[in-house]
Amino acid sequence: MKKILLILSVSSLWLTSLIASADDLKIVAAENFYGGVAQQIAGSSATVTSILTNPNQDPHEFTTNADTAKSVADADIVIYSGISYDPWMDKLLGTPGKPNRVVITVADLINAKDGDNPHIWYDPRTMPALGAKLVEALSKIDSAQASAYQQRLDDFNASMKPELAKIAEIKTAAAGMEVTATEPVFGYMAGALGFKMLNYDFQIKIMNDAEPTASETAGFEKSLTSKTAKILFYNSQVTDPTTDRLQKVAKSSGIPIVGVTETQPPDQKSYVDWMLHELDGVQAALGAKSP
């Protein structure tokens, strides 16, 4: 099933440099949430370029161009998700780059494997693991700044405390609650919150642009009309007739709907701000007042 982007008019250039000095170390991140964390760890010692930055771009449909290829070839450190989320990076990394280029496959840092839910940045373990790997890589390249990199990692981990506290708060209030989703975008966070996710096979079909079976669709609708599912999560970056219809079913059944994104929105200044925003949406759906 072909997904329709919410905004069709998008730039052909997806590279956004966060710092402009060409003399610095160059870090290229496939997705902007990894790029943001890399900038927090590297500070002014590196130029960080994120390839996927537009929240209205379907990451699964992204295609590369000469600019992305050159950025990857010129990078000292490349970060990408792996486990088939951004396979276009494998092709770019197959071409010659800097001799000592460091490639960080984030999925490997949390032992995620092909076939697992690819939206691993919603797992609270992921970014601290990426931060630690970046400190290791940066310290080898620029040992004089090793203590500064470690301090920035400590600061980043401290910045995650409000997120982890909110996760614990929601889990205490709602562990075991059954929820559902049109795609598995929020799956890892739902697990961290103690939710029981329904209709997973349906979600995988939608993610892969495949048609769910009639029984999968019927089962999904029943989880909403029977109010077995207490929240419906949906990918607000893309839409299609099936997921639109399920949102209407949820609304008519009085099921709260929470939109989540695959790419960090431009109005969220950091990864942690983004996660807190998403968790605020969950609390609102649960009828809890965010502190």
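## Helix α7, end to end

Helices here are DSSP runs of H or I with at least four residues, strands are runs of E with at least two, and both are numbered from the N terminus.

Before going on, a word on what you're looking at. This is a predicted model, where local features need pLDDT of at least 70 and side-chain atom pairs count only at pLDDT 80 or more, while totals for chains, interfaces and linings use all residues. Residues are numbered from 1 along each chain as its sequence is written, and side-chain values use heavy atoms, with hydrogens and water left out.

Which residues of α7 are buried? They are Glu 163, Lys 166, Ile 167, Ile 170 and Ala 174 (buried means under 20% relative accessible area, exposed over 50%, partly exposed in between, with a 1.4 Å probe and protein chains only). Seen down the axis of α7, these buried residues fall within an arc of 105°, so they line one face of the helix; the arc is that of the directions from the helix axis to the C-beta atoms. An α-helix has 3.6 residues a turn, so residues three or four places apart point the same way.

What covers that buried set includes α8 (187-192) and α12 (271-285), going by contact, meaning heavy atoms within 4.5 Å. Over on the other side of α7, Lys 161 and Thr 172 are exposed. Just after the helix, Gly 176 takes a positive phi of about 90°.

Now for helix α1, residues 32-42: nine of its eleven residues are buried, so α1 is largely enclosed by the rest of the structure. Among the buried ones are Asn 32, Gly 35, Val 37 and Ile 41, and both Phe 33 and Tyr 34 are buried too. Gly 43 follows α1 and has a positive phi, near 65°.

A search of the whole structure finds ten aromatic pairs. Rings of Phe, Tyr and Trp (its six-membered ring) pair if their centres lie within 6.5 Å; planes under 30 degrees apart count as stacked, over 60 as edge-to-face and the rest as tilted. Phe 33 and Tyr 34 have ring centres 4.7 Å apart and planes at 70°, so this pair is edge-to-face. Ring pairs also link Phe 33 and Tyr 34 into a cluster with Tyr 85, Trp 121, Tyr 122, Phe 186, Phe 233, Tyr 271 and Trp 274.

Most residues other than glycine have a negative phi, and most peptide bonds are trans. Ile 83 has a positive phi, near 40°, and is found in the loop between β5 (77-80) and α3 (88-93). With a relative accessible area of 12%, Ile 83 is buried.

Asp 209 isn't a glycine either, yet its phi is positive, about 55°. Look for Asp 209 in the loop between α9 and α10 (214-225). Is Asp 209 buried or partly exposed? Its relative accessible area is 29%, so Asp 209 is partly exposed.
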